[in-house]
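I opened this notebook page to keep a record of what I looked up in the structure, going from the whole chain down to single pairings.

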Amino acid sequence: MKPNASLDQLAAQSWQVLVIGAGPAGAWAAAQLAGAGLRVLLADRATFPRAKVCGGCLSAAAVTRLNEAGLGPALRQIGAQPLGQVHWRGPGWEATIALPGGMALSRSVLDPLLIEFAQIRGATFCDACSAHMGATTPNGHRAVHLQRGGITRPIQVPLVLACDGLDGRLLTAESPWQIAGNSYFGVGAIVEAGGYCPGVIHMACGVGGYVGVVAVEAGRLNIAAALDPVLCQQLGGPQRMISSLLSQADMPPPPLGNAPWRGTGRLTRRRLPGAWRVLALGDAGGYIEPFTGEGMSWAMQSAEAVVPLALAAQERWCGDEPVRWNNILQAILGFEKRRCYWLGRWMRDPARWRDALLLAQHNTPLTTSMLGRWR
């Protein structure tokens, strides 16, 4: 990644789009918009590289997009592990389903790759830079206050893309979350250990949650779990619950004692993905627990779909754009998200999920309907 310019230098320039959040949705959107000729500033409050709670998997659809962008060699260079199957286990049962074409890697190496790609396409990147929404300006644009190193500078832009994730607060005041009452929360860590063969997503499913373990770059393991908060508290916390789920599934326990755990808020949530001169992408626009790797593909799809609205926003903003954007997202992602939603409901009944998986591993049409666009 290129060095950051100073905040004063950035505030002195004229930007057409400010993208806040440099995860897959934000970085990919910045790349698409800069490639379309817009002056794009990509900002994130974190210092990169940084860890992130994530399953660590790219679906085949996401890998295809990256290959088409010329990033295939870079993926292999940073150690992305090809995926071939997902192996589910629960108390007394196991099922394996083919999952060709995907890759596993941590966000600490994927995100810098995507940020660098956005910079190559012409976007400017600034990390360690937080953003706070301001009022509408006299010319109808949006004011945003950027803060870095104790210094705050205002900028004005025709369009802000909120890509700050499900825990981001950029749009909370204008478009609050509606969080499902029975929603799980997420927790994850990267550990320096082996014990799990690469090329396989290892999943433990039980009462109150599920855990995914996958080998990523440099022989590390990415552990990510979705857990029922009430049961988790009863069992003594995330680490104990994850250990219990792995033990019930007869999966070898990774060294969890010193794992650098990170958590998320409640997962399943929705809202109107936008406000005046602001559109939300990726997890910031709504979240459904993905099945195995769809989340980053959805982020990239939404980043590509926002380009026409971003171009139109340079000339005119009518006010109904958030509703139109919501309709676009429903058109391109609605079916896949509904599929994942119902799969998530099935998984909360381990016996029903076991029966579905045991049937699916010998039934190609059923497997295809469960995996959706992974293939």
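The entries below run from overall dimensions to strand pairings and end with a helix contact.

**Entry 1, the whole chain.** I note at the outset that this is a predicted model. I looked up the secondary structure of the protein, which comes to 12 helices and 22 strands. I then checked the radius of gyration: a compact globule of 375 residues would have a value near 21 Å, and the protein has 21 Å, so the two agree. Along the principal axes I read a span of about 65 × 40 × 40 Å for the C-alpha trace. Buried residues make up 56% of the 375 residues. Of the contacts with a separation of 6 or more, 72% are between residues 24 or more positions apart.

**Entry 2, a run of hairpins.** I followed strand S9 (residues 130-136) into strand S10 (residues 142-148), and found that the two run antiparallel and are joined by five bridges. S9 and S10 form a hairpin with five residues between them, and Gly140 in the turn has a positive phi of about 85 degrees.

From S10 I went on to strand S11 (residues 151-157), which is antiparallel to S10 and joined to it by seven bridges. Leu146 turns up again here, with Arg153 as its bridge partner in S11. The hairpin of S10 and S11 has two residues between the strands, and Gly149 takes a positive phi near 60 degrees.

**Entry 3, an open sheet.** Which order do the strands S3, S7 and S4 take in their sheet? I read S3-S7-S4, an open sheet of three strands with antiparallel pairing. Strand S3 (57-58) and strand S4 (81-82) stand at the edges with a single partner strand each, so one side of each is left without a neighbour in the sheet. For S4 and strand S7 (residues 103-104) I found two bridges, and the bridge partner of Pro82 in S7 is Met103.

How do H3 and H8 lie relative to each other? The axes of helix H3 (residues 60-68) and helix H8 (residues 294-305) come within 8 Å and cross at roughly 50 degrees, and H3 and H8 are therefore oblique to each other. On the H3 side I listed Ala61, Ala62, Arg65 and Leu66, and on the H8 side Ser297, Met300, Gln301 and Glu304, as the residues that make the contact. I sorted these residues of the H3 and H8 contact into four nonpolar, two polar and two charged.

Methods
Residues numbered from 1 in each chain as written. Predicted model: local features only at pLDDT ≥ 70, side-chain atom pairs only at ≥ 80, totals over all residues. Heavy atoms only, no water. Axes fitted to C-alpha atoms, helices over the stretch in contact; angles between N-to-C directions. Helix = DSSP H or I, 4+ residues; strand = E, 2+ residues; numbered from the N terminus. Parallel < 35°, antiparallel > 145°, perpendicular 65-115°, else oblique. Contact = heavy atoms within 4.5 Å. Nonpolar A, V, L, I, M, F, W, Y, C, P; charged D, E, K, R; others polar. Pairing = 2+ DSSP bridges. Rg over C-alpha atoms; globule rule 2.2 N^0.38 Å. Buried < 20%, exposed > 50% of the residue type's maximum accessible area, 1.4 Å probe, protein only.
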